[in-house]
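Here's a quick briefing on the model below. Have a look at how the two chains are arranged before reading on.

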2 protein chains.
Amino acid sequence: MASDLGITSRAENYSDWYNELVVKANLADHSSVRGCMVIKPHGYRVWELMQRGLDDMFKDTGHSNAYFPLLIPKSYLAKEAAHVDGFAKECAVVTHYRLKSDPVAGVVVDPEAKLEEEFIIRPTSETIIWNTYRNWIQSYRDLPLLINQWANVMRWEMRTRLFLRTSEFLWQEGHTAHATYDEAEAEALTILNIYRRFAEEWMAVPVLVGLKSEGEKFAGADHTYCIEALTQDLRAIQAGTSHHLGQNFAKAFDVQFQTPEGKRDYVYATSWGVSTRLIGALIMAHSDDKGFVPPPRLAPVQIVLIPMGRDAETRSKTVGAATRLKEELASKSAWGLPIRVTIDDREKESPGFKFNHWELHGATVRVEIGPRDLENGVVPVCRRDTGNKSSVQLDENLSGVLVDLLETIQQEMYQRALAFRTANTVRVDTWEDFRAAFEGEDAPGFVLAHWDGTQETEDLIAEETKATIRCLLSHPLEESDALPGKCVKTGKPSRQRVVFAKAY
Amino acid sequence: MASDLGITSRAENYSDWYNELVVKANLADHSSVRGCMVIKPHGYRVWELMQRGLDDMFKDTGHSNAYFPLLIPKSYLAKEAAHVDGFAKECAVVTHYRLKSDPVAGVVVDPEAKLEEEFIIRPTSETIIWNTYRNWIQSYRDLPLLINQWANVMRWEMRTRLFLRTSEFLWQEGHTAHATYDEAEAEALTILNIYRRFAEEWMAVPVLVGLKSEGEKFAGADHTYCIEALTQDLRAIQAGTSHHLGQNFAKAFDVQFQTPEGKRDYVYATSWGVSTRLIGALIMAHSDDKGFVPPPRLAPVQIVLIPMGRDAETRSKTVGAATRLKEELASKSAWGLPIRVTIDDREKESPGFKFNHWELHGATVRVEIGPRDLENGVVPVCRRDTGNKSSVQLDENLSGVLVDLLETIQQEMYQRALAFRTANTVRVDTWEDFRAAFEGEDAPGFVLAHWDGTQETEDLIAEETKATIRCLLSHPLEESDALPGKCVKTGKPSRQRVVFAKAY
C-alpha cells in the first residue's frame, strides 16, 4: 500500500505534483460534473478553520452575515454596464423549472415549464444584493450597512484545476454600503488589511498588497485592491480582492439615501472576497514532495501520536502513554482553539506506512511512542515542515513543549516563505532583461519594473511575455521602488515600479 | 415610528401575524426571485447559532463535513426509481452555459452554448453523493463513512412562505454508508436523537418522535423517522427527518464493498436533514403578538441594556453603569458561549420605542437603567417571554443573576410549550369525532387515533379531513397508545394509535 502514498516530485513535474497531492492527501476530488470539485472531509476541515478565522475578524470589525438568493434574474446583469461585460458571459443558465417522465428517455425537461425570464446561478452577488439594498436603505441612519455572505458561486470555466479554478467554488463575499466615498475607501482598506493579516498570521503566507491596474480591476469597480502570494514554481496567485465600487451599483439599482442635511445622494459601496482558492495557495506555498504541509494554525491534525510495539502487552503500554498524552493536550489550546490531536493505533498498518500517511496528510508534529522510548523516558518528536527529529522528555511538561513547538513552526514557516519571496523578487530596468526573465515556461517570481501607466502597454507586455501586472504596491518593498523612472517597454515616464509576474 | 413596530395579532389572523413578524423583526425578507428568500442578519444569526449547536453534536458523534457539487446530471435522477418519482419533477434546470450581448435585448442566452445533458440544481444530494461514494468505498475498512454537508438546495415550490417553504433554502444533509442494516439503523436513530435533543434543549420545543407511514416516507428510503413540533395554531410542523435508505442507493449507483469474509455486498445508507425551516418552527412555537420570542440559547440578543436620562450628565451616568454591566457580563458565559449583550444608547429614540423594538426583535431580558434606578441601587429587569418585571440589586452580583435568569427562561419556555402540547393532544375513537375534530379551517392539535395500516385508508382520511399521519410514535405518550384497537375509519384491526394532524 505504501506506493499509494507516493506523489510526483515538484522538480519532476510541478503541475502533476500539485494535482496528485490534492487528490492523494484527500483534500479534494474531481466530480462527475464538469469543472466542479468535491471537497473531501480533510480539505473541508481546512476551509472550516479558514472560515472560523476570517469570520471572527469580520465580526470584530462590525460585520454581520446574511444570505441572498442563488439565482439572479438575467435582466439584472445588464444594469451595470462594465459588470455585464466582465462577468455575465460564462455562467450556468436556468431556463426551465420542471422535469417530466418520458417512456423512452426516462426523464426529460418539460417544455411547458419554460421560464419567462431566465435565471443565472450567481457568479457573484452584487446585482441581487444591490437590488435588495434599495429597499433597506432610506436614510444616512441606515448606513453603514456591513454585510457578509458565505456561499457557493459558479462561473463556467473551461480549464479548471482543483481549488485554484473550478466552475463552482465556495467563498465569502462582503457587500457594504456607505454614506461617503471616504468611508467606503476606509472599509475597502480595513478588509484588505484583514486579508493580509489572515494570509500572514493564519496561512503563514507573505503577500504583496496593492492596487490592481485598470485592466485587472473588478468589472464594475472604481478600483480594486488585492493580495498576491507566490507559489513554489514562482508564479503569482491572487488570494483575495477588496473593491471600492464607487456609486456604480447604487446608480445601476437606484439606491439613494437622505443625507443628514436632507439632500439625496447615491450610496457608496464596497465588495470583497476570498474563496476556496486560498487552499490552493496554501498548498502551493508550503507543501513538499512528501505531501501536504499546512501551517499548524490551519492543520486538520496538529499532533499525531503513533504508539508502536508488536505484541499486545507492549501495545497496551504505548497506547496507554499516547492516551495519557492526548488527555493532557485536551486541556491545552493554541490560538484560542483546542489542540487537534489524533492517535493512530491502527494495528494492521506498519509504523512506516503511518509515517508516510501523516506526512502526506500534513500532521504538523508526529510523536512516536515505542517500547524503548517508554523505557528511556524520551520520545522522538518529528516536525512535518523540516523533517527534523528531536528527543523530548516524556513527562508532564511534554504537552506544553508540543504546544510551544506548534507556535514555533507557525513562525518559522512564515519566515521561510518570506525569505523565499525576497529571494525571488527582482528588479529589472531594460526590455531585454524583462523579456529574458519571462522567457520559456518557467516563471521568475515577482519582477518589479517601471510601466508608463497605460492599458496599451500593459496589453503589449502581456502579449509578448505572458506577464501581467499583479499590483501597484501600497507600500514599497524598498524605498526606491516608489521613485519615478522610465517604462521598461516604452521608455515613457513611470511614477513607480509595479509588480509583474506570470499568474495562476 | 412606533406604529412601524406593530404586527397583526395571532387571534386576528395567525397567518398575517407570522408573515409580518418575520419581516418586521428583520429575520427574513421576500426577494425578487420568485419563492426565494433573503435571510437578514438578525435571522441569519439564529441560523448560525443553530448550525453551531448541531455541528458540534454531529462532530461529537464522529461525523465530518464535506462539500459536493450544486449541480446534478439529469440522468442521475432516473437511477433510483422511487426517488425520481418523489423528487425530480419541480426543480431548476440548467440548460445553457453562456449568455451573450444582443444589441436589442441587452443580454440573451447563447443558443450555441446548449448543454448536451442538462443539470438540475440539487433538491437533495443522494444521487451525486452516492455516485461519488462508489469511488471511495472498496472495503469494509472504508466503513462507516459519516459525512455531513451544509448547503443550499432548491425545489421549485409553487406556494411559498418565508422559512417554512421556500424554493431555495439552507440545510444540512448527512449521508452515511455502513456495512450492515443494523449499523445503518443505529445511525438513523443516533441522528433522530440528536434532532430531538436539539429541538428540546436548544429550541425549547417539545417534539413527537417516530416513524413515517409508507405514504409520507422519503422517496427512496426503506423507512423514515421524523420529529414533529406543534404550532400555536395547532398544526404539526415536520422539523427534521432521518432516513434508513437500505441498499436502494447503493444498488442504483453500484456501490459494493468487500466484507471481512471476502464477499461482496451492497452498502447500507442513511440520510438526514434539518433546514432553515427550523426557524419557522421556532417562531411558531414561542412568539407572541409583540414579536419574536426566541429561547435564550438561540437569541441573537440575550440581554439588552437601556440606559435612560434626558440630559447629557444623567445619560453619561446611566451609560456608564450599562457599560460596566456589559463588561461584567463579558466574563460570563451561558451554554458554553459568551453572553450576547447589547447596549441601546440611541439618543434620538424614546425608551418606549426601544422597549417595543427589542420586544419585536426578541431580546430575552431587558434591563432598564434610569437615573432614579441608579440612586436606589435597583434596576427593573424585564423578561421577554412572560413580560414579568422584577427589581434587582445593581451590584456585583447582577451579572450572575442575569445569567441564571437566562437558564431559567430556557427551562420555563420548554415547560410551557410542553404543557401546551399536552393540552392539545387528544384521543379520538369514532369517525364522527375524528371528522368533527378536523372540521373547518382550525386545526385540533395532535389527534391520536387507530388506523388499519393501509395506504388506502390513509389517503381516504386525508381526502375527507386534510389530516395526515404525522408519525407512528417511537415511544407512546401514554401506555394505552401502544395497545391494539379498531381503525377509526374502517373498523379494521389497528396495532397502535398513530398521530394525525393538519400540517404545515
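Chain A can be laid on chain B with an RMSD of 0.0 Å, using a turn of 180° and a shift of 0.0 Å along the axis (least-squares superposition on the C-alpha atoms of residues with pLDDT of at least 70 in both copies). That is the relation of a two-fold axis. Keep in mind that this is a predicted model: local features need pLDDT of at least 70, side-chain atom pairs count only at pLDDT 80 or more, and totals for chains, interfaces and linings use all residues. Residues are numbered from 1 along each chain as its sequence is written, while chains are lettered from A and ligands numbered from 1 in the order in which they are written.

**Where the chains meet**

- The contact takes 49 residues from chain A and 49 residues from chain B, where two residues are in contact if their C-beta atoms, placed from the backbone, lie within 7 Å.
- On the side of chain A that touches chain B, strand β5 (residues 93-96) of chain A gives the largest share, four residues; helices (H or I, at least four residues) and strands (E, at least two) are DSSP runs, numbered from the N terminus.
- That side of chain A divides into 30 nonpolar, ten polar and nine charged residues (Ala, Val, Leu, Ile, Met, Phe, Trp, Tyr, Cys and Pro count as nonpolar, Asp, Glu, Lys and Arg as charged, and the others, Gly among them, as polar).
- The copies meet through the same surface, because 100% of the interface residues of chain A are also interface residues in chain B.
- β5(A) and strand β5 (residues 93-96) of chain B pair in the antiparallel sense over three bridges; strands pair if DSSP finds at least two bridges between them.
- A:H96 has B:V93 of β5(B) as its bridge partner, and A:V94 is the residue of chain A that comes closest to the rotation axis, at 2.1 Å (C-alpha).

- A:E90 lies in the loop between α4 (81-87) and β5 of chain A.
- With 17 C-beta neighbours inside 10 Å, A:E90 counts as partly exposed (buried means 20 or more other C-beta atoms within 10 Å of a residue's own, exposed 12 or fewer, partly exposed in between, with C-beta atoms placed from the backbone).
- Leaving aside neighbours within four places in sequence, A:E90 is in contact with A:R155, A:W156, B:Y97 and B:R98.

**Helix α1 of chain B**

- The buried residues of helix α1 (residues 14-24) of chain B are B:W17, B:Y18, B:L21 and B:V22.
- They cover an arc of only 120° around the axis, which puts them on the same side of α1(B); the arc is that of the directions from the helix axis to the C-beta atoms.
- These buried residues pack against β1 (28-30) and α8 (277-286) of chain B.
- Just after α1(B), B:N26 takes a positive phi of about 60°.

**Strand β12 of chain B and its partners**

- Seven of the eight residues of strand β12 (residues 223-230) of chain B are buried, so this strand is largely enclosed by the rest of the structure.
- Strand β11 (residues 208-211) of chain B runs antiparallel to β12(B), joined by four bridges, with B:Y225 as the bridge partner of B:L211.
- β12(B) also pairs antiparallel with strand β13 (residues 236-246) of chain B, over eight bridges, and B:E228 stands opposite B:Q238.
- Five residues separate β12(B) and β13(B) in this hairpin, and B:L234 in the turn has a positive phi of about 65°.
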